[in-house]
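Work through the exercises below with the model open. Try each task before reading its solution.

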Amino acid sequence: IHWGVYAVPAGTYQGRQIGGIGEWIMYNAKIPVAEYRGFAKQFNPVRYNPDDWVRAAKDAGMKYIVITSKHHDGFALFDSQASDWNVVKAAPYGKDLLQPLAEACQRHGLRLGFYYSQAQDWNNPGGGVCGQHWDPAQEGDMGAYIRDVAVPQVTELLTRYPLSVFWWDTPCGMTKEFADQLIPLLRLRPGIIHNNRLGVYPGDTETPEQEIPATGFKGRDWETCMTMNDTWGFKSYDHNWKPTQVLVRNLIDCASKGGNYLLNVGPTSEGLIPEPSLQRLEEVGAWMKVNGEAIYATAASPFKKLAWGRCTQRPGKLYLHVFDWPQNGQLAVPLVSRVRKVYLLAKPGETLAVTDREEGKRISVPSAPPSPYASVVVCEIDGPPMVVAPRIRQEADGALTLRAADAEITGHSLKTETKGNGEPNLGYWVDAKDYATWPVTITRAGDYIVEVTYACAPAAEGSVVCLQIGDDEHSATVPATQGWDDFVTARAGRVQVRATGPVDITLKATEMPRGAVVNLRSIVLLPAE
């Protein structure tokens with residue numbers, strides 16, 4: 001929940017629509033401190049009903065709520081003794097907004113978390129900023145700000161409210177010295193979960209924003225935070241709402257990779273959650289009432305990739321979330337395990353037929369899917385899932401495409417990430433011992449041209465990579481692009497593929513003189529003739 005004074009201008013300043021996300025309007029429009037503080041006189045959420053908010057979240061299937069106790073504009077939604085820039089002293093409402101929400105969460109059985117902008121603060125003097133100050137009133141000593149505002153406010157939040165999560169954000173200007181004053185305060189609330197945005201401390205959770213990582217985070221808990229439209233804080237004219245189907249599939253995608261989905265609402269200055277948000281929450285909730293078993297307390301998918309959707313699992317059960325319903329009535333599942341029973345989660349009393357094939361199982365499904373969002377097929381199995389390892393096949397013209405998302409990664413730093421246009425790439429390749437492997441099936445031997453789509457910052461150019469196809473190797477030096485986000489497609493020589501059949505293609509770094517190797521989206525082998 002992103003809520004604060006920014007809901008008053010709601011994206012408009014001096015008659016002009018301000019670009020960017022709603023809660024950053026003070027920064028984006030460079031509104032002077034005194035003028036921005038005037039908006040607080042109009043922040044009077046008399047229609048705020050925390051029971052309604054919590055019920056909407058619970059009915060949608062949510063288990064916890066995180067709200068902005070103080071965002072980057074420094075306005076606190078509680079009565080802070082450390083700064084008068086808060087809802088009790090600076091706004092006509094004059095009452096703590098967080099305590100009623102905490103009580104509602106306890107009544108309805110949801111956990112509560114507070115977002116807190118620990119470094120960035122555009123109103124309290126000395127607060128950090130991701131960029132430059134634009135008003136002399138913002139100037140001051142950041143050390144004094146941490147000591148006199150951040151530390152006491154975090155103390156207030158951790159001692160007054162029954163919190164389960166503390167959600168730091170934007171450590172602009174945050175140093176280890178400053179963070180070391182905040183970290184010990186978490187002991188005031190034993191067992192509290194905190195995230196990775198304090199600065200030097202990794203916290204308990206990763207927090208990808210507005211994206212779902214291609215492969216999750218191995219060995220780390222994580223949650224994707226995402227808006228329903230294009231803004232976090234309320235903007236009156238942002239009507240670019242994600243369809244409910246997208247929200248449900250995002251939730252499934254997160255769960256299939258072992259993560260949570262932290263979905264945002266931006267209430268109005270009156271205290272109302274926008275109707276399009278409520279409508280979508282209700283629709284997600286209706287899907288969850290039928291299919292929640294396939295989400296809650298499940299583990300990540302045992303399959304690397306499924307052409308028709310995603311999978312979650314618990315011991316003895318696979319939940320096949322079908323996005324693209326098979327037109328031929330046959331759902332292909334690359335599974336070896338013995339299957340005891342298969343049925344639709346929406347119709348548990350109707351058993352579906354299963355046949356064994358060389359490539360796994362074929363499940364006979366009805367002609368129409370139970371849900372327009374995602375339909376769940378439950379597959380009860382004996383023992384842990386044993387899957388058919390998928391192999392990449394050449395296309396009809398002989399081209400072989402090795403995508404980052406299809407790579408099997410070995411190592412500690414190398415991982416799949418998403419940059420730019422949303423296409424996954426191999427990134428964080430800062431350990432030369434890490435490598436990527438693609439299991440493929442070769443149907444045509446011969447000479448191939450190697451075409452790569454990659455990015456490499458100038459400061460890291462010069463690494464040597466080796467493409468190994470069976471016993472044959474091809475090495476190339478990585479030239480620079482304009483940066484880690486600047487992907488280009490270039491030819492990197494020729495290779496000879498000597499034999500057909502299954503083979504593993506591996507990309508390794510043999511030299512890494514400047515601390516990183518490459519960001520790689522794909523390698524394409526094109527027949528030379």
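Helices (H or I, at least four residues) and strands (E, at least two) are DSSP runs, numbered from the N terminus. This is a predicted model: local features need pLDDT of at least 70, side-chain atom pairs count only at pLDDT 80 or more, and totals for chains, interfaces and linings use all residues. Residue numbers start from 1 along each chain as its sequence is written, and side-chain values use heavy atoms, with hydrogens and water left out.

**Exercise 1. Positive phi**

Solution. 
- Step 1. Ala-10 sits in the segment before strand 1 (12-13). Its phi is positive, about 50°, although Ala-10 is not a glycine.
- Step 2. Apply the accessibility classes: buried is under 20% relative accessible area, exposed is over 50%, and partly exposed is in between (1.4 Å probe, protein chains only). Ala-10 has 5%, so it counts as buried.
- Step 3. Tyr-428 belongs to the loop between strand 22 (424-427) and strand 23 (435-442). Its phi is also positive for a non-glycine residue, near 55°. With 47% relative accessible area, Tyr-428 is partly exposed.

**Exercise 2. Surroundings of Tyr-373**

Task: find Tyr-373 and list its contacts beyond four places in sequence.

Solution. 
- Step 1. Look in the loop between strand 16 (360-364) and strand 17 (375-381).
- Step 2. Check accessibility. Tyr-373 is buried at 19%.
- Step 3. Search for contacts (heavy atoms within 4.5 Å). The partners are Thr-244, Gln-245, Val-248, Arg-249, Glu-283, Trp-287 and Phe-323.
- Step 4. Take the C-alpha distance to Asn-250. The pair is 11 Å apart in space and 123 residues apart in sequence.

**Exercise 3. A salt-bridge network**

Task: trace the network that contains Arg-338.

Solution. 
- Step 1. Start with Asp-382 and Arg-338, whose N to O distance is 2.5 Å. Asp-382 is in the loop between strand 17 and strand 18 (392-393) and Arg-338 in the loop between strand 12 (330-333) and strand 13 (339-344), so the bridge ties together parts 44 residues apart in sequence.
- Step 2. Join the pieces. Arg-338, Arg-340, Glu-380 and Asp-382 are linked in a network of salt bridges.

Terms used:
A salt bridge is a side-chain nitrogen of Lys or Arg within 4 Å of a carboxyl oxygen of Asp or Glu.
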